[in-house]
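Good morning, and thank you for coming. Please look at the structure on the screen while I describe the contact between its chains and then the sheets of one of them.

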Amino acid sequence: MSAETILALQGVRRVFDGGRVVALQGVDLAIQAGDFVALVGPSGCGKSTLLHLLGALDEPDAGEVRFGGAKLVGTAVRSRCRARNIGFVFQSFHLLPTLTALENVQIPMFEMPWSSGERQCRAESLLREVGLEARLHHRPSELSGGERQRVAAARSLANQPQVILADEPTGNLDSASAARVLDLLASFHRERGLTLVVATHDPDVAGRASRRITMRDGRILTDTPSLP
Amino acid sequence: MTLGLLIWKNLWRRRTRSLLTVAGVAVGVASGVAMAGIAKGYEQSLARVYAARGADLIITRLSNHKRVPTTYFEQARASDIAALPGVQAVAGVVWVMLNVEEESIPVLVEGWEPGSFLWDHLKLRAGSVTNGPGDADCIYLGVMCAEMLKKKVGDTVRMESRALRVAGIFESNSMFENGSTLLPLPLLQSILGNEGKINFLNVRLAPEITAGQVDKLRQTIQGRFRGLKAFQAEEIAQNSIGLQAAKAMCLAATSIALLIGALGMMNTLLMSVFERTSEIGLLMAVGWRRRRVVAMILLESVILSLAGAAGGVLTGIIGVRIMQTMGFMQGRIAGEFSLGLIGTAFAVAALLGMLGGIYPAARAASMSPSAALRSE
């Protein structure tokens, strides 16, 4: 493992349904800080499972997951790691429907030692950064798909993470909105130096990544730098 | 944004269900508050009866073991007890429930020994006390009883086929007395065919008597007159079989109502947790610790309970006040709602909320964030 490795999987196996469904088998992977990685492959190949394990949302049945060299073992350790180091963007946005955009962005901040005023101020600034300063007090049902995903992108930055994990972030968007969200994520990577891992079917997304990992049947098939 | 605002929005989102849950808890709390308040009112009213009369000890005959003060004893015991040291005065009493006027429901009828100290506290609103030894067939009505029977001074009241003249209408600070009727003791004994018998003896003690002497006097009475027991005024209220039965019924009915409320609460929160599986998954995905998720669900539960408690306390108090004005209950119930009772209602409701919320909260906290997110 190199000194710059921020996320690492070693011999990771993950099964579901009492072992009848093998989602990942013996996966080894190291992601360096500042990488922009695209995980590609057909549906059911294990991209999302891999992303959930990288994001400490799940635990492997065998093998180990490390963040910054530290093993992610135990609920509390994984929870703390997610709160402080990892931001998520999901295909279906996962915004809380009763909360406004401003309130949704503040949700992760409850785990940080910030006052209510600081949380609000920071959320406003993030929403401004993603171009939603006019939508602060709108609820998800009052926003377009692209706007919702931009709220989710702002939320992923709430606690100043080192890594953003995005699971099909453009999967539910029209092409114009998808391009805007992709630009946004790419800008997080470029301007903030964040590590970005994106599970996607979208060739445009994969084309913007600096590294492409292709998966099939729960294994990594190829792991190559993207063509410039 | 605060956690409180998030909780409020969670509850308000399914407002009909939240309000129905609050209503379920409120019904339980209201029934408990109303019944406990009525039981307390009964106890205090009973205690006030003796306080107003200036009776320090009440002597009655208890059935063995059951402690039910129903049996009569010889009125002649009064003079024996009056002769004991420390006793200033005694007054024989008959206390019975009877139909006054044929169509009326039974009312409390008391017979007081003519010329005894009991008559001194009687405040007449109309008429006058004329119960001399030769004054037969007169009855005094408590103010509520007079209203219920629609009688005034000079009217005739029938009791056990005997026509009695209303000689006065009295007012007392005790609900019992206001709803009761009063006769000279010999007259009531004659109506009941129970001459020379009483079922209570009210004793006024000498002002200088000490607590120790009172205890000794009680022991003397109980030792010398087999079967008789001497209570202090407040004890007879607390030992009232009616009060104990009322308290037991109150506890049983309230427990059932609260249990139903708790189950309703658990059901509401469980449904809420099921419906919000992916949202709870999101909260954990962004790093919320399990204990914060547990706190959120438990607080939702406690807030619903406390809202139910507030509604229940108000409904209980207002309900009893309304019942007090209704014809058939007028003068028969009096609610006493202390801060202690209200505080207890809120504490029980909060506990109920915690209990009802534990399982849904534990269930929410035990979810894997990955599985919860996939559930959408």
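Across the interface of chain B and chain A, three salt bridges are found, a salt bridge being a side-chain nitrogen of Lys or Arg within 4 Å of a carboxyl oxygen of Asp or Glu. One of them joins Glu111(A) to Arg289(B), with the closest N and O atoms 2.7 Å apart.

A word on conventions. This is a predicted model, in which local features need pLDDT of at least 70 and side-chain atom pairs count only at pLDDT 80 or more, while totals for chains, interfaces and linings use all residues. Residues are numbered from 1 along each chain as its sequence is written, chains are lettered from A and ligands numbered from 1 in the order in which they are written, and side-chain values use heavy atoms, with hydrogens and water left out.

Let us stay with the interface. The rule also finds twelve residue pairs in polar contact between chain B and chain A, both residues being at pLDDT 80 or more. A polar contact is a pair of N or O atoms within 3.5 Å; within protein, one must be able to donate a hydrogen and the other to accept it, and residues adjacent in sequence count only if both atoms are side-chain atoms.

Which elements of chain B give two or more residues to the side that touches chain A? They are helix H1 (3-13), helix H10 (277-285), helix H11 (290-325) and helix H13 (369-374) of chain B. Helices (H or I, at least four residues) and strands (E, at least two) are DSSP runs, numbered from the N terminus. The residues on this side of chain B divide into twelve nonpolar, six polar and eight charged. Here Ala, Val, Leu, Ile, Met, Phe, Trp, Tyr, Cys and Pro count as nonpolar, Asp, Glu, Lys and Arg as charged, and the others, Gly among them, as polar.

In total, the contact (heavy atoms within 4.5 Å) takes 26 residues from chain B and 28 residues from chain A. The buried area is about 2,400 Å², and carbon and sulfur atoms give 58% of that. Buried area is the accessible area (1.4 Å probe) that two parts lose on being put together, summed over both.

I turn now to the sheets of chain A. One is an open sheet of six strands in the order S6-S7-S8-S3-S9-S10, with mixed pairing; two strands pair if DSSP finds at least two bridges between them. Its edge strands, each pairing on one side only, are S6 (86-90) and S10 (219-225) of chain A. On average, neighbouring strands of this sheet are turned by 15° against each other, direction ignored. Within it, S3 (36-40) and S9 (211-216) of chain A run parallel and are joined by four bridges; Ala38(A) has Arg212(A) as its bridge partner in S9(A).

Helix H1 (47-54) of chain A packs on this sheet, touching S3, S6, S7, S8 and S9 of chain A, and its direction makes about 155° with that of S7(A). Helix H2 (75-85) of chain A also packs on the sheet, touching S6 and S7 of chain A, at about 80° to the direction of S6(A). Axes are lines fitted to C-alpha atoms, for helices over the stretch in contact, and angles run from 0 to 180 degrees between N-to-C directions.

H1(A) also lies across S1, S2 and S4 of chain A, running at about 55° to S2(A). These strands belong to an open sheet of four, in the order S2-S1-S4-S5 of chain A, with antiparallel pairing. S1(A) and S2(A) pair over eight bridges, and Phe16(A) stands opposite Val21(A). S1(A) pairs with S4(A) over five bridges, where Gln10(A) has Glu64(A) as its partner.

What is the phi of Asp17(A) in the hairpin of S1(A) and S2(A)? It is positive, near 55°, and the hairpin has four residues between the strands. Gln160(A), in the loop between helix H5 (145-156) and S7 of chain A, likewise has a positive phi, of about 50°.
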